[in-house]
Amino acid sequence: MTDQPCTDCETWGVPDVAQRSAARAEAAQLKGRVNPGSGFVGNQYVMDLVQHPPQWSLDTSPWGGLSGAAMFSGRLLTGVVASDRAHSAHGQLNVVPAYVLHHDPAFRAVLAEHGGVSGLEAVEFQHLADPASTAPRGQPRSPAALLEAGRQTVPFHGREALLEQLRAWCALGGFGAWLLHGPGGQGKTRFAHHLAALLAADRWAVLLPRPDASAAELREVRHAAKPLLVVVDYAETRTGQLRTLIEAAAEHPGTTPLKILLLARTDGDWWARAKTATSLTQDYLATAPSQRLPPLEDAPADRPQAYHSAASAFATAIPHVAGTAAHDWRAAAAILQAPRLDQDGYGNALTLHMTALADLLDTVPADPSGQTRGGLRWQGVDEVEDRLLGHEGRYWHQTATTRGLEPGLSLDTLEKALAASHLAGAADREQADQTWRRLPALADQARDRRDAVTGWIGALYPPTEPGRPWGSLQPDRLAERHIGRVLAADPTLADHLLQNADAAQAAQLLTVYTRAAAHPVFNGGLDTHLTDLCVRRHHQLASHVIAIATQTDHPTPLITALEKITTDPAISLKSLKQLQNGLPDSSLRLVDVALRLARHVADRQRALAEADAAACLPDLAVALNQLSIWLGVAGWAEEALAAVQEAVGYYRALAEANPDTYLPDFVTVLNNLSIDLGNVGRVEEGLAVVEEAVGHHRALAEANPDAYLPGLAMSLNSLSIWLGWVGQVEEALAAVQEAVSYYRDLAEAAHGAYAYGPDLATALKNLSIALSKVGSTDESLAAIEEVVCIRRVLAQVNPGAHLSHLAGALNTLSVRLGDVGRVEEGLAAVQEAVGHYRALAEADPGKHLPDLAAALNNLAILMEDVGEGSLAVSEESARIRHSLAECIPGHENGAVLQDPPG
């Protein structure tokens, strides 16, 4: 996968050299190394044996009989031994790579028939892979295991249009990121597995990284030399890993595709924060599509067929669950009557599958008289998890009895322990024991008894990672429902688990508790308990409450907790400021809480400053600036302006008295003031503030260019835009020319297009516009030509972030070329732009169809100028505009040669 040499491998077989007797075959275990470049042209691997080549006097090969032996690298099958390699003195073996075998449809069919994995994994990244994400090995231990996404018990179907979109996105090459979100059970993970199987046929590898993979480990993906899709499940809780993957992508050469598919339950504030967390994420994720996965069975008329197909698939698989083979499941599925499936919840794929499985399980006689559980086939869509938990509970009970835990421990105690294991988790057996010691029902038990509970849960749900004491009940919705039932009966369980819990356990508890509270069956009944828990333990949970409130699709109890904490007069100013510092820079979901908190902090700081201005004025200035930011987010433009004006006054005095300490902050607040002035239409005053900020930035950059020259360049670029707004075109040109000069210096010093290439390209585009306004047509053309060159380099590495910018620059270039009479060249430029926009619109039509329509319009005009027929192009542009005009006003414009927006 990485083309790095010396990958360890081994094989077992019965080669001739190992044979000593005709009566019994003897085995040999051979170790070796693979250099991926060796045999590359012939689609072979060459296994360099680390053992000394055997002495062999016969005319045959000593490795005769080894053909067909599997070659493994770690846990992965990487190929099949074919022959002794010629001219190697028996020191090398030819191996048929796994990707060659997998390319054969017949091989994939046999693999699927025997429960093999459907995709290709990267050998070098196998230590990064989440074991829970791979196809489950072994027989299912309980009926619920049949619902695990990796088993694909019910064959994948549907989603054809989305699959085509994602495959087109992958075909763009280079880097790309895509967020796919939807409620639990909608089919996100199954979709990712199916996409991986389709891509495997084109020699793509797929990596689903471990949630605990370190930054150093994740950065290894930068070495990928083959097409790689990285799938990040529960991405809303793994934004740190996303940042690391973006850093790896920035170091990836871009010669092969590197795509990141993010799966999440929501695309809320967490996604906005993730995209702007760093300059790299802002660059790489700015154009990443965010798409909600719709219900699979949206049409009620289609659901009965899907229900019966699922029941039939489960009937085939259930006999593999221990203790279930005696029942005639196929016959039961054949006569199963579908319930009413017209409720919206049945559009969810997992809900429909769980219903079919529960109905099938209910056909087993409940007692010796032969009476079935058919009466338990509740019609409510929200109760299906409880029905399956009833069947799962029998598995728990039987296993506990077998292991001697019952009747010494009650089933209630064991079910509470099981809920605790999934609610708080444990990194190892010692942490598991600490968890049991916090539970009243287990605290007085002997250590071996507590260890037996750990062993019981590990037997029910074996760990997928070495060292972990247990795995998890899947699918997650079943675990969440069980946890919710236990917490509803005993809300104190969460308090017990949080005593001396580490940060990871606290975050997991709050995340899972919030998901459980979201289940409709609880009708908000867990919300109050969750809110009270967060308020009681705000010192321990506040940072997690903020983070999870921006991630979850059920933030109400967490936001309510924040509101209570914010308005509690007993909370210290220090605690309130810590809470404020933990808030994101901007959040529509938390804006009301953040604004209320900012007001309280500012009021308290004002009172302190009135008593002791010398000591407290800096904190008041900070508080007022924060207040102005949140007032702006909330849409209170005049109030935001008043707050930042007061902050500027204090910072001005502080910077005059101590410029080394306060001048950088003063410049930042001046920029905020200019924005707030612009928001209320006071452009002339805003311009004056920007000019002052540029002056201070210039002084800072002269004293410390490494730290402040980027800020000066940005301020000058901003100044040029303000000057253009007020019609001072000559001054605007001078400002952007200076900005371009600094960005050139910064890009050259950084020795890479990515450090300041995007900023330089943006400034050059503004320079082109400014030059055009003063009539410098040739210079304007030269500037946009340079933009195209920069964007072309950037788009080769990261098309997801820069291909649209390249297309826009080409479209602008076509206009500038037309202005100077170079129509043929302009036609070639806009034709390339149209080609890029077509590819982009195929992957994300909502975002790029307007740009395609504009480019087609320019193409039609230039075709007319060179005497080519443009009717078909004009009609296509008109069709797109007409379809857009039905939902987006403003796309009915006529044929005027246009610069692209932005």
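Author: H33 and H35 are roughly parallel to each other, a label given to angles under 35 degrees, while those over 145 count as roughly antiparallel, 65 to 115 as roughly perpendicular and the rest as oblique. In this predicted model, local features need pLDDT of at least 70 and side-chain atom pairs count only at pLDDT 80 or more, whereas totals for chains, interfaces and linings use all residues. Residues are numbered from 1 along each chain as its sequence is written, and side-chain values use heavy atoms, with hydrogens and water left out.

Helix H33 covers residues 799-819 and helix H35 covers residues 845-865, and they pack at an angle of about 25 degrees with their axes 11 Å apart. Helices here are DSSP runs of H or I with at least four residues, and strands are runs of E with at least two, numbered from the N terminus; axes are lines fitted to C-alpha atoms, for helices over the stretch in contact, and angles run from 0 to 180 degrees between N-to-C directions. The crossing of H33 past H35 is left-handed, meaning that the near helix is turned anticlockwise from the far one by less than a right angle, with clockwise giving a right-handed one.

The contact (heavy atoms within 4.5 Å) is made on the H33 side by Ser-804, Asn-811, Ser-814 and Val-815, and on the H35 side by His-848, Ala-854, Ala-855, Asn-858 and Leu-862. The residues of this contact of H33 with H35 divide into four nonpolar, five polar and no charged, where Ala, Val, Leu, Ile, Met, Phe, Trp, Tyr, Cys and Pro count as nonpolar, Asp, Glu, Lys and Arg as charged, and the others, Gly among them, as polar.

Helix H21 (residues 538-549) and helix H22 (residues 556-567) pack at an angle of about 135 degrees, with axes 10 Å apart, and are therefore oblique to each other.
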